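Me: I would like to go through a few structural terms and see what stands behind each. Please set each value against its cut-off.

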Amino acid sequence: MIVYLNGEFVPVEEARISVLDRGFLFGDGVYEGLRTFAGRVYCGPKHVERLARGLAATGIDADADSLEGLCEELARKNDLPDAFIYVQYTRGAPLPGAEPRSRIPDGPTRPTVFAMCVEQGSIDQCGSQIQTLRVQVCEDQRWLNGRIKSISLLGNIMAALEGHAAGADEALLARGPLLAEATSSNVILALPRADGSTELVTPSLDSVPILAGVTRARLLELEPAIVERAVGVDELASASEVMVCGTTSFVSVVTHVDGRPVGDGVPGPEALRLLELYINDIRRELALPDPARPPVRVAHG
Ligand SMILES: Cc1ncc(COP(=O)(O)O)c(C=O)c1O
């Protein structure tokens with residue numbers, strides 16, 4: 001595997017950083033996770049924008065504009081046109097002679113920029129199946145700056161482990177009475193109305209400290225009927241469908257919450273419709289051909 005480190009593309013075995021790097025010692029950094037399809041980044045400007053916001057919020061002096069080019073070059077170097085690209089920006093290591101572990105950096109540091117790339121399915125594969133998962137509701141004990149895509153993911157990892165220990169694939173985080181997000185995706189509920197129609201809702205960014213997911217943002221543009229509002233954990237019980245969305249999960253179906261089936265416990269019409277909207281958008285943005293497609297297959301998570 002070829003990785004990117006501070007301006008160079010090198011085999012992963014040769015990539016070296018200082019053990020004094022503030023990302024390693026403090027989790028002092030931000031990251032992005034992007035998808036390429038046929039060698040090109042999807043929703044690049046939204047990722048660049050979020051990265052720029054994270055760099056500005058943390059005061060890490062790195063360049064966000066080079067993100068798309070870096071990802072596409074890395075995918076090319078690895079000969080992986082369909083890939084997930086992880087890019088991390090830390091505040092870097094202290095210069096020689098400076099205090100090795102000071103919360104306020106002892107003098108200037110140069111950011112460490114690292115990226116790696118992992119093979120993923122092609123657009124045809126991703127568009128022909130929908131992932132399913134079981135979730136466990138866990139208390140959200142993370143910090144209040146959820147909008148910063150921090151590399152400090154201990155709270156997410158502890159919740160994911162708690163969900164796993166309870167026999168689920170993923171944790172759905174609850175901030176008191178309010179629904180927040182999953183540990184690596186945002187959440188959307190389909191709620192049946194009295195008149196037989198369906199309301200689509202997702203927790204608003206001002207109701208709980210969650211990540212402003214790029215997939216969430218794109219789905220809100222593609223389906224303006226999705227309402228952003230405070231969503232109660234108790235609304236899970238009346239939802240006909242629960243979905244999560246993210247760069248690698250696209251639109252995935254939650255079949256069980258705390259061991260109880262959601263609806264019939266199988267992918268519902270709203271999830272299939274949103275996934276199709278999303279896959280069509282990827283094809284449109286990246287000008288990918290749309291072959292005659294078989295019906296979507298259910299992949300168990
Ligand atoms: C906590 C959390 N929420 C939501 C998301 C989804 O964000 P995106 O759609 O940008 O992948 C992620 C992605 O890693 C995440 O870690």
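Me: Which residue is the bridge partner of Ile188 in β13?

Reply: Met243 is the partner of Ile188. This is a predicted model, in which local features need pLDDT of at least 70, side-chain atom pairs count only at pLDDT 80 or more, and totals for chains, interfaces and linings use all residues. Residues are numbered from 1 along each chain as its sequence is written.

Me: What makes β10 and β13 a pair?

Reply: Two strands pair if DSSP finds at least two bridges between them. Strand β10 (residues 186-192) and strand β13 (residues 241-246) have five bridges and pair in the antiparallel sense. β10 is also joined to strand β11 (residues 198-203) by four bridges, again antiparallel, with Leu189 opposite Val201.

Me: Why is β10 called mostly covered?

Reply: A residue is buried if 20 or more other C-beta atoms, placed from the backbone, lie within 10 Å of its own, exposed if 12 or fewer, and partly exposed in between. Five of the seven residues of β10 are buried.

Me: Why is α6 called roughly perpendicular to α7?

Reply: The axes of α6 (residues 214-222) and α7 (residues 269-285), which come within 10 Å, cross at roughly 100°. Angles of 65 to 115 degrees count as roughly perpendicular (under 35 roughly parallel, over 145 roughly antiparallel, the rest oblique), so α6 is roughly perpendicular to α7.

Me: Which residues of α6 make the contact with α7?

Reply: Arg218, Leu219 and Leu222 of α6 make the contact, with Leu274, Leu277, Tyr278 and Asp281 of α7; contact requires C-beta atoms, placed from the backbone, within 7 Å.

How values were computed:
Axes fitted to C-alpha atoms, helices over the stretch in contact; angles between N-to-C directions. Helix = DSSP H or I, 4+ residues; strand = E, 2+ residues; numbered from the N terminus. Contact = placed C-beta atoms within 7 Å.
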